Amino acid sequence: MTPEDLYKDAIEAKEQGSFGMTLVFRNGQKKPKGFPRGELLCENVGSKVYSFSPDKVIKWLEKNKLIGEKVWEEKQESF
């Protein structure tokens, strides 16, 4: 998943009024430094499923400058 995809998913979750967005991490896969802490929903064979606050994910992407002007402009045009 690219940062742009993650951003779009977080924005969509906020627009739908969701309290969280669900992401799956393979066992042993490290979350990026400073990534928001999520709530562990379940553990499967080979993966873990977490729920994250869309607001915190967006803030993390912005703080780390992982989203560009292009994504923001596309989102503004759709409103």
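User: How many of the 6 residues of β3 are buried?
Analyst: β3 is mostly covered. This is a predicted model: local features need pLDDT of at least 70, side-chain atom pairs count only at pLDDT 80 or more, and totals for chains, interfaces and linings use all residues. Numbering starts from 1 along each chain as its sequence is written, and side-chain values rest on heavy atoms, with hydrogens and water left out. Buried means under 20% relative accessible area, exposed over 50%, and partly exposed in between (1.4 Å probe, protein chains only); in β3, the buried count is 5.

User: In what order do the elements of the protein chain run from the N terminus on?
Analyst: Helices (H or I, at least four residues) and strands (E, at least two) are DSSP runs, numbered from the N terminus. The protein chain has 3 helices and 3 strands. From the N terminus on, the order is α-β-β-β-α-α.

User: What share of the 79 residues in the protein chain is buried?
Analyst: β3 is mostly covered, with 5 of its 6 residues buried. Over the 79 residues of the protein chain, the buried share is 29%.

User: How many bridges join β1 to β3?
Analyst: Two strands pair if DSSP finds at least two bridges between them. β1 and β3 run antiparallel. The number of bridges joining β1 to β3 is 6.

User: Over how many bridges do β2 and β3 pair?
Analyst: Strand β2 spans residues 39–44 and pairs with β3 in the antiparallel sense. Glu39 has Ser51 as its bridge partner in β3, and Cys42 has Val49. The count of bridges between β2 and β3 is 5.

User: Which residue in the hairpin of β2 and β3 takes a positive phi near 90°?
Analyst: This hairpin has 2 residues between the strands. The positive phi near 90° belongs to Gly46.

User: Why does Ser47 count as buried?
Analyst: Ser47 sits in strand β3, which covers residues 47–52. Residues under 20% relative accessible area are buried. Ser47 counts as buried because its relative accessibility is 14%.

User: Which residues does Ser47 touch, not counting residues up to four places away in sequence?
Analyst: A contact means heavy atoms within 4.5 Å. Val24 is 23 residues from Ser47 along the chain, yet their C-alpha atoms are separated by 6.6 Å. With residues up to four places away left out, Ser47 touches Val24, Phe25, Arg26 and Asn27.

User: What share of the contacts with a separation of 6 or more joins residues 24 or more positions apart?
Analyst: This value covers the protein chain, and counts contacts with a separation of 6 or more. Residues 24 or more positions apart account for 55%.

User: Which residue has a positive phi of about 55° although it is not a glycine?
Analyst: Most residues other than glycine have a negative phi. The residue in question lies in the loop between α2 and α3 (69–78). With its positive phi of about 55°, it is Lys65.

User: Is Lys65 buried or exposed?
Analyst: Exposed takes over 50% relative accessible area. Lys65 has 71%, so it is exposed.

User: How far apart in space are Lys65 and Pro3, C-alpha to C-alpha?
Analyst: Lys65 and Pro3 are 62 residues apart in sequence. In space, C-alpha to C-alpha, Lys65 and Pro3 are apart by 9.7 Å.
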